[in-house]
Amino acid sequence: MRRLAILAALAALSACTDPYPQTGFPQPGPAPAATSGPAPDAQTAARNFVSVVTRMEPLAESECRARTDGSNCDFRIVVDDRPGQPPNAFQTLDQAGRPVIAFTIPLIAEARNTDELAFIMGHEASHHILSHIPRQQQTAMTGALILGGLAAASGGDAAAVRRAQNIGASVGARSYSKDFELEADELGTEIALDAGYDPVLGAAFFSRIPDPGNRFLGTHPPNAARIGVVRATVARLRGGGV
């Protein structure tokens, strides 16, 4: 029922977004606590999402144009309303190469405030700005070529070579995934701060999700490392401690 309420609220708000507000640099907030209060009601959650997209999108596109040469910086922000999806946001490319940032309904419902949504959106936009998809594809291809070549050189048949290529692609794709996440956390912090949000408060989201730890070839770094990057980035940008 709450998913339907948020969808209805988003539909009602889609035609009445506010003009882009002025950007600024707020004072960093306190260290993330175990929680940031209860989740908002459906109307507030939808309003928070619309306001963040309205405010963050032009900043993300401006940062993309400043940091890239010829990349498509026309972000498309979508709501993934498929039933049964977990709280999640992700960045991908459509068939024309346009960058897409998707938020699932449970994530919009779970976010406690606009700072969390802004940090998440900045993080996902940063994946595109930093060319993480093509970089991941390149490392996957390299891994496939290396292991496939080794399998062929050792006399493996076509099926063995394909299996080796698949393993190599998977290992290659994961090799730098933790680094990519931390890079996106750092740049996402800059974008959110530039848009006038508090990334340190936004990073409180990590205190409510399972910690992936520091597993070998895991796709995400430990939550503490990610919070540390956010705090250090804010301290660097403001020239002092958080």
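Predicted model: local features only at pLDDT ≥ 70, side-chain atom pairs only at ≥ 80, totals over all residues.
Just after helix H7, glycine 196 takes a positive phi of about 95°.

Helix H7 covers residues 177-194.

Now take in the whole chain. The protein has nine helices and three strands. From the N terminus on, the order is α-α-β-β-β-α-α-α-α-α-α-α.

The three strands form an open sheet. Their order in the sheet is E1-E3-E2, and the pairing is mixed. Which strands lie at the edges? They are strand E1 (76-80) and strand E2 (89-93), and each pairs on one side only. Neighbouring strands of this sheet are turned by 25° against each other on average, with direction ignored. What holds strands together in general? Strands of a sheet pair through backbone hydrogen bonds, either parallel or antiparallel.

Look at one pair in detail. E2 and strand E3 (residues 99-104) pair in the antiparallel sense, over five bridges. Here leucine 93 stands opposite proline 99 in E3.

Next, find the sulfur link. How many disulfides does a search of the whole structure find? It finds one. Cysteine 64 and cysteine 73 form it, with their sulfur atoms 2.1 Å apart. A disulfide is a covalent bond between the sulfur atoms of two cysteines. This link is left-handed, with -70° about the S-S bond. Are its two cysteines buried or exposed? Buried means under 20% relative accessible area. Cysteine 64 has 0%, so it is buried. Cysteine 73 has 9%, so cysteine 73 is buried too.

Finally, step back to the protein as a whole. Buried residues make up 42% of its 242 residues. The protein exposes about 12,000 Å², and carbon and sulfur atoms supply 56% of that area. Contacts tell how the chain comes together. Take those between residues at least 6 apart in sequence: 76% of them join residues at least 24 apart.

Notes
Residues numbered from 1 in each chain as written. Heavy atoms only, no water. Disulfide = S-S within 2.5 Å. Buried < 20%, exposed > 50% of the residue type's maximum accessible area, 1.4 Å probe, protein only. Helix = DSSP H or I, 4+ residues; strand = E, 2+ residues; numbered from the N terminus. Contact = heavy atoms within 4.5 Å. Areas by Shrake-Rupley, 256 points an atom, 1.4 Å probe, with all protein chains shown as cover. Pairing = 2+ DSSP bridges. Axes fitted to C-alpha atoms, helices over the stretch in contact; angles between N-to-C directions. Expected span 1.5 Å × (residues − 1).
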